Amino acid sequence: MLTLLLRRGLSLKVLRRRVDEAFPREKTQPIMRPDDANVAGNVHGGTILKMIEEAGVIISTRHCNSQNGERCVAVLARVERTDFLSPMCIGEVAHVSAEITYASKHSVEVQVHVMSENILTGTKKLTNKAALWYVPLSLKNVDKVLEVPPVVYSRQEQEEEGRRRYEAQKLERMETKWRNGDIVQPSLNPEPNTVSYSQSSLIHLVGPSDCTLHGFVHGGVTMKLMDEVAGIVAARHCKTNIVTASVDAINFHDKIRKGCVITISGRMTFTSNKSMEIEVLVDADPVVDNTQRHYRAASAFFTYVSLSQDGRSLPVPQLLPETEDEKKRFEEGKGRYLQMKAKRQGQVEPQA
């Protein structure tokens, strides 16, 4: 494709400009510090998720304001499954690049890649790939969703593939709403390796530094808190060093306003031999607004692995579900695990 366009008389400089106009990109390069990592020096998954979301909101907000009209800010609606391909460590530089890959009438898809660089050796490796969906909200009326400027595709197949991804995520978002009434209940004197033993909650008062221009919580802030709670659940269950392996789709069901008290709750749902699935629920309580009730704001499944001191994978203590609901969630988690395992094997086999 590049050779063909060059043969048609387009200079490389003009070609790059046209590609950048059609598919805008955003790049950031923060260095990882001790407060970004766990005690073993591995960067928290939540820190990486926050960087990914920051790159996504910049490029999507910029695109949504690229034409004359009502000004807006892009708000995170969903994060597709994100795999943590390789650990990032203290002292490494994170290269975060974002690209708009599809736009519907009221939403935009952003693909983000994260590379880690060892600045002593120059070694670079891919650590994360993620797809995020944003919707533009008017600066004048936070409940008004604006139209997204069109994206110019270089191939018709790109638009068709993007539309299929859009329809798939839209359907999955609808399917998660039935879980909105589910809550994590505390338990007295739980036995080790049970759901109740490791379940954890974090309560956070939303302040100005957590929020966008609208006064709503940044999606990256929410994801970082969700990963923190999931990490606590995993550490309590294993009592070893743990790292985020992947995050299933994160659905943001409703906006969280400044001044709300949010409760982030996590519970173990499934364990395989070397991985743990943790469900994380985010509930918001608008304590200064008597007109609005407590509501479910976000939900997701995190997968963690247990590591030895030298970074090797360790066996995970098997979860002991007790109640019928816990047994049901365990079987559902097992289904998701087997589905992803089959998908990974299917991707590897054709290359063999």
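Domain bounds here come from an automatic or database domain assignment. Keep that in mind for what follows.

This is a predicted model, where local features need pLDDT of at least 70, side-chain atom pairs count only at pLDDT 80 or more, and totals for chains, interfaces and linings use all residues. Residues are numbered from 1 along each chain as its sequence is written, and side-chain values use heavy atoms, with hydrogens and water left out.

Pocket first. A pocket is an open set of points on a 1 Å grid over the protein atoms alone, where a 1.4 Å probe fits, with protein on both sides within 12 Å along at least five of seven lines; lining residues have an atom within 4 Å of a point. The second largest pocket holds about 600 Å³, the space filled by probe spheres set on the points. Its lining has 30 residues, with L76, A77, V135, R173 and F252 nearest the centre. β2 gives the most, five residues. Helices (H or I, at least four residues) and strands (E, at least two) are DSSP runs, numbered from the N terminus.

Where does the second largest pocket lie? Domain 1 (22–175) and domain 2 (189–344) both line it, so it lies between them.

Now the core. A nonpolar core joins buried Ala, Val, Leu, Ile, Met, Phe, Trp, Tyr and Cys residues through side-chain atoms within 4.5 Å; buried means under 20% relative accessible area (1.4 Å probe, protein chains only). The largest one has 73 residues, and M226, I256, I264, M276, I278 and F302 touch the most other members. α6 supplies the largest share, nine residues.

Notes:
Buried < 20%, exposed > 50% of the residue type's maximum accessible area, 1.4 Å probe, protein only.
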